Amino acid sequence: MTKHQEGIPHMVSRVIQVDPFDLVIFGGTGDLARRKILPGLFRRFCAGQMPASARIIGAARTDLDDAGYRKMVAEAIAEFGSEHTPPEAKLKAFLGQVSYVAIDARGDTGWAALQEIMKGTGKVEAYYFSVSPALFGDLAERLQRWGMADQDARIVVEKPFGRDLETARTLNATLAKYFSESQVYRIDHYLGKETVQNLMAVRFGNMLFEPLWNAQYVDHIQITVAETVGVGGRGEYYDKSGAMRDMVQNHLMQLLCLIAMEPPARFDPDAVRDEKLKVIRALDPVLPHHVVRGQYEAEKGNAGAHPSYREAVGDPRSKTESFIALKTQISNWRWSGTPFYLRTGKRMSARSSEITVVFKETPHSIFGAEAGQHRNVLSIRLQPNEGITLGVTIKEPGPGGMRLIDVPLDMTFSEALGEGAEHVDAYERLIMDVIRGNQTLFMRGDEVEAAWAWTDPIIHGWEARGDVPKPYESGSDGTTDSQEMMRRDGRNWREVSP
């Protein structure tokens, strides 16, 4: 049987063109624009999803004209857009839809020029705030002052959305002065991943799983987001945030919500986000002995290329965590008594994002003690090698009695769906959702605040205790204390594997 397995069709992507739009990228010369936003837009253009009348306007303090910006965009696409050389005709046509305005977010420079560009187009107008959150309020205020914050305008804001509950509330209140909640798109690129959306399809589209998706049948759930890289050039920012603020409060929290939420009445933005909010509000506080923090050490034999965390951030006494593992529970009827284990860190053994649902053992084994203990395990891989694996128990082939083994039913998307399946980057999907006006995969203001309300006491707790993160080896699976936390519960972390 070929990789286009029997019963699984060869997938042909169907691209639906979005409405004509103007997208202004504040911070249009920055790293995120160059690495993700602009290459993603070019791929959507090549796929036929962008109409010919769409315009992309870069806006930043850098002194450039249209030609200079187009040159920068072409270089970004060549470097980050694809492993293949972009078609010259396509690139030329795309660059023809790109322009630039030199603008000062906190002054008046450039705003009249941008106002003239955006005047009376009758198209979808979207403004991407690819800048520091400190500038969100300034940009929102000037968009209103210059007549560009009408009821049809949309703004996209990047994380971090606050660093605690107080600052998140302040940001929400600031944006609310100029834009309604339906106009604000708080972007978390994890929610744009194909497999993350497949969480909902697996749960709510298959009768096989939903009846078992509760504390009666699920022993525990693990969520792991592991990175092999260190803090790199983000040391100054990262040391002020740490793994809890940078990853748990947003990315891992969103994954937990999608895996644990009740079925929404329908698949629309507010129905989905209402159910996610209920999960966050039902989370139990995390006890001090249920959270473990760590900092990576220099790589043995290669400390020059891979220094320790404290060396990378330039602070020999830093108490900021590059690794965190914690246990929490959800106090509702579906999940009461089922622990959720969350883990994320840098300089770990492999790059891997995975959600694992570990089902309980059968209540009675008819095969006797010699058959051993076996559990069904559903593993949802977000990156790399996106896919879903279900572990099932079967008889080991051959004579000699009833010997049981666990084998995986594996659906790696690239193999199961064939080469014709479209692989869309998270930013591509989310930007197109902004143009469509679909907020399903974006965080709502009350959702962000609820996440901080749960996170803040955990952070305040270790700060009050004066806890210092434990060192862990670069290239390991985190601190030994995190393993011990699981062993106390009679469980083990899943091996981190690519």
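Which residue in β2 does Asp-22 stand opposite? Asp-22 stands opposite Arg-55. The report below describes the predicted model around this pair and beyond it.

## Confidence

The model is predicted, and its chain has an average pLDDT of 89. A score of at least 70 is reached by 93% of the residues. Over residues 1-12 the pLDDT stays under 50. For that stretch the model has 17 contacts beyond four places in sequence.

## The six-stranded sheet

Six strands form an open sheet in the order β3-β2-β1-β4-β5-β6, and the pairing is parallel. At the edges are β3 (98-102) and β6 (184-187); each has a single partner strand, so one side of each lacks a neighbour in the sheet. From one strand to the next, the twist averages 20°.

Strand β1 (residues 21-26) pairs with strand β4 (residues 124-129) in the parallel sense, over six bridges. In β4, Glu-125 is the bridge partner of Asp-22. β1 also runs parallel to β2, to which five bridges join it.

## Nonpolar cores

The largest nonpolar core has 108 residues. Leu-41, Phe-94 and Ile-259 have the most contacts inside it. Helix α9 (residues 242-260) gives the most to this core, with 12 residues. A second, separate core has 33 residues, including Leu-114, Phe-129, Ala-140 and Val-448.

Leaving out residues up to four places away in sequence, Phe-94 touches Leu-38, Leu-41, Phe-42, Phe-45, Met-50, Ile-56, Val-73 and Ile-77.

## Helix α5

In helix α5 (residues 136-145), the buried residues are Phe-136, Gly-137, Leu-139, Ala-140, Arg-142 and Leu-143. The elements that cover them include β1, α4 (111-118), β4, β5 (154-158) and α6 (165-176). One of these buried residues, Ala-140, is also among the residues of the second core. After α5 comes Gly-147, which has a positive phi near 75°.

## Gln-439

Gln-439 lies in the loop between α13 (426-436) and α14 (445-465). With a relative accessible area of 8%, Gln-439 is buried. The side chains of Gln-439 and Arg-273 are joined by a polar contact of 3.2 Å. Apart from neighbours within four places in sequence, Gln-439 is in contact with Glu-181, Ser-182, Gln-183, Val-184, Tyr-185, Pro-269 and Arg-273.

## Backbone features in loops

Two cis peptide bonds can be described here. The bond from Lys-159 to Pro-160 is cis, with omega near 5°, and Pro-160 sits in the loop between β5 and α6. Gln-383 and Pro-384 are also joined by a cis peptide bond, with omega about -20°. Pro-384 is in the loop between β12 (377-383) and β13 (387-395).

Arg-347, a residue other than glycine, has a positive phi near 55°. Arg-347 is placed in the loop between β10 (339-345) and β11 (352-359). Its relative accessibility is 9%, so Arg-347 counts as buried.

Conventions. Residues are numbered from 1 along each chain as its sequence is written. This is a predicted model: local features need pLDDT of at least 70, side-chain atom pairs count only at pLDDT 80 or more; totals for chains, interfaces and linings use all residues. Side-chain values use heavy atoms; hydrogens and water are left out. A nonpolar core is a set of buried Ala, Val, Leu, Ile, Met, Phe, Trp, Tyr and Cys residues joined through side-chain atoms within 4.5 Å. Buried means under 20% relative accessible area, exposed over 50%, partly exposed in between (1.4 Å probe, protein chains only). Helices (H or I, at least four residues) and strands (E, at least two) are DSSP runs, numbered from the N terminus. Contact means heavy atoms within 4.5 Å. Two strands pair if DSSP finds at least two bridges between them. Axes are lines fitted to C-alpha atoms, for helices over the stretch in contact, and angles run from 0 to 180 degrees between N-to-C directions. pLDDT is the predictor's confidence in each residue, from 0 to 100. A polar contact is a pair of N or O atoms within 3.5 Å; within protein, one must be able to donate a hydrogen and the other to accept it, and residues adjacent in sequence count only if both atoms are side-chain atoms.
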